[in-house]
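User: Could you walk me through this structure? I have not seen it before.
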Amino acid sequence: MIFENAMVITMNPQRQILTHGAVVVEDDKIAAVGKTKDMVEKYPQKRRINCNGNVLMPGLIDTHVHTAQAMLRGCADDLYLLDWLIKRVWVLQGSYTEEDGQASAGLCMLEMIKSGTTGFIECMLAERYGFDGVAQVVEQSGMRAAIGKIVMDLPSYAEAEGVMHPGMVEDGETSIHNTLIAYDKWHGAADGRIQVWFGPRTPGGVTPGLYDRISALAKERDMGITIHLSEVREDLDYAQSEGFRSPIAFAQAHGLLGPRSVLAHVVWTDEQDWALMAETGTHVTHNPASNSKCASGIAPVHGMLKAGVNVTLGCDGGPSNNTYDMIRDMRMVSYLANLREEDPTVVPAEAVLEIATINGAKALGLEDEIGSIEVGKKADFILINMDAPHLTPAWDPVSTIVYAAHGTDVDSVVIDGKMVMEGRRVLTLEEDAILEDVRKRYRDVGERAGLDIGPRWPVL
Ligand SMILES: [Zn+2]
């Protein structure tokens, strides 16, 4: 295929933007990038796809996704994180069947594809959602994913003991054992699109000895680890009550920092934490919408970037965001940094687009394969339709996309050289069937959980 007449935002090391550009795809890779005139002459036999001057850019990488929460969109609004978890989210998730887990994952991936996400990290796949069912949806969807399998052995959150819904509780042995089974079965599957990681729960939910085992097993296999860390004030208080300077220091003591670790949220941190993460090559996934909605705090993105930490972007989940639309969230990265620092220059549009693409590729350990439009890399990219009032005029396409676009402006998606969405029609998943299935299931989950969730205003 040759995608011609595009405004190509390459994200290559020089960050070049190519007008009248063309991208040639052979098998799963980008074979050439150049001006349309030259490319069409050089590759006359290719199937030609006219981009009509629209933007072609690397696919977005969502580094913090709870696939099981797509079906819980809007079920826990306007609550602090601990109430959000204890009164709503765990109760509902603890009532899931494996079929619910698979249905929610299908919904989540549909939404991600339709808003331009090509790769993601599932941060906490619980036993009861069914690992195989979710991995099958990743395989079918055509997406690229690191699936973090939950590991835990305590039903607590920070200092709040025994608060987890019994339906969510797993024991340490089983959760470790089943992660390794999933690793043997799925790591490298789907032409290498699937990775299996450890997704241990936050401190308070895992005994220190179990963290040590996770980090040792991960090192042996070069597996990734993703963990929620220092999300809310309670996380900082808990680490300090256990005798650590901070949750980041706790993570260091248990071997949880390093180039294969992606820490989620990282709100309550200081210069020493940033230096430690930068030194160890630890990645951070920033979740601006989720942190704002639950009033968890504003992550120090500017400080972390300045210290040299690789910061990436995550949408988090259906009840905390409430969408999986990376384009909708991109502007928040800049807006929140501006507010925190009282300075509108600290995290400009260009930095945000790096955070959402090439930095995400680094977190996945795939910076040599994805995250930019360069010859030899995998063909993971998206087309954005710029022919819309809210995107006109485009003085600078980077600014337009970061500050003005919506996920629904994404027209087409290519992953691993395959067309996954064309003209807003997803080709790999059955959209109508997935939506119908979710609409049938979500009320049953609410009923099994014993929660009556609906409009808070009177319904006539
Ligand atoms: Zn999360």
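This is a predicted model: local features need pLDDT of at least 70, side-chain atom pairs count only at pLDDT 80 or more; totals for chains, interfaces and linings use all residues.

User: Let us start with the pocket. How much space lies in the largest pocket?
Analyst: The largest pocket holds about 410 Å³ of space. Its lining is made up of 17 residues. Those nearest the centre of the pocket are Met71, Cys75, Tyr442, Arg443 and Ile453.

User: Which helix gives the largest share of that lining?
Analyst: That is helix H17, residues 431-449, which supplies 6 residues. By class, the lining of the largest pocket comprises 11 nonpolar, 2 polar and 4 charged residues.

User: Tell me about H17, then. How many residues has it, and what span does it reach?
Analyst: H17 has 19 residues, and its first and last C-alpha atoms lie 27 Å apart. That is close to the 27 Å expected at 1.5 Å a residue.

User: Where is the kink in H17 centred?
Analyst: The kink is centred on arginine 441 and amounts to about 25°. Just after the helix, glycine 450 adopts a positive phi of about 75°.

User: Which residues of H17 are buried, and what covers them?
Analyst: The buried residues are Ile434, Val438, Val445, Gly446 and Ala449. Their cover includes helix H2 (81-93) and helix H3 (98-114). As background, residues three or four places apart in an α-helix point the same way, because there are 3.6 residues a turn.

User: Changing topic: how many cavities of 30 Å³ or more does a search of the whole structure find?
Analyst: The search finds 2 such cavities. The largest cavity has a volume of about 280 Å³. Lining this cavity are 25 residues, of which His66, Leu85, Trp90, Met124 and His228 are the closest to its centre.

User: Which elements give two or more residues to the lining of the largest cavity?
Analyst: Those elements are H2 and E7. H2 gives the most, with 6 residues. H2 is also among the elements that cover the buried residues of H17. By class, the lining of the largest cavity has 12 nonpolar, 9 polar and 4 charged residues.

User: And what lines the second largest cavity?
Analyst: Its lining consists of Thr202, Pro203, Asp235, Tyr238, Ala239 and Pro247. Helix H8, residues 233-241, contributes the largest share, 3 residues. The volume of the second largest cavity is about 40 Å³. Its lining residues divide into 4 nonpolar, 1 polar and 1 charged.

User: You mentioned E7. Which strand residues does it cover, and where does phenylalanine 120 lie?
Analyst: Strand E7 covers residues 117-125, and phenylalanine 120 lies in that strand.

User: Why does phenylalanine 120 count as buried?
Analyst: Phenylalanine 120 counts as buried because its relative accessibility is 1%, and the cut-off for buried is under 20%. Leaving out residues up to four places away in sequence, phenylalanine 120 touches several others, including Asp62, Val65, Met109, Met112, Arg144 and Leu364.

User: How far is phenylalanine 120 from valine 33?
Analyst: Their C-alpha atoms are separated by 25 Å, and the two residues are 87 residues apart along the chain.

User: One last residue. Is threonine 36 buried or exposed?
Analyst: Threonine 36 is buried, because its relative accessibility is 10%. This threonine is found in helix H1, residues 36-42. Beyond residues up to four places away in sequence, threonine 36 touches Glu4, Asn5, His20, Gly21 and Ala22.

Conventions. Residues are numbered from 1 along each chain as its sequence is written. Side-chain values use heavy atoms; hydrogens and water are left out. On a 1 Å grid over the protein atoms alone, a cavity is a set of points where a 1.4 Å probe fits but cannot get out, and a pocket is an open set with protein on both sides within 12 Å along at least five of seven lines; lining residues have an atom within 4 Å of a point. Grid points are joined across faces, edges and corners, and a volume is the space filled by probe spheres set on the points. Helices (H or I, at least four residues) and strands (E, at least two) are DSSP runs, numbered from the N terminus. Ala, Val, Leu, Ile, Met, Phe, Trp, Tyr, Cys and Pro count as nonpolar, Asp, Glu, Lys and Arg as charged, and the others, Gly among them, as polar. The expected span of a helix is 1.5 Å times one less than its number of residues. The bend at a residue is the angle between axes fitted to the seven residues ending there and the seven starting there. Buried means under 20% relative accessible area, exposed over 50%, partly exposed in between (1.4 Å probe, protein chains only). Contact means heavy atoms within 4.5 Å.
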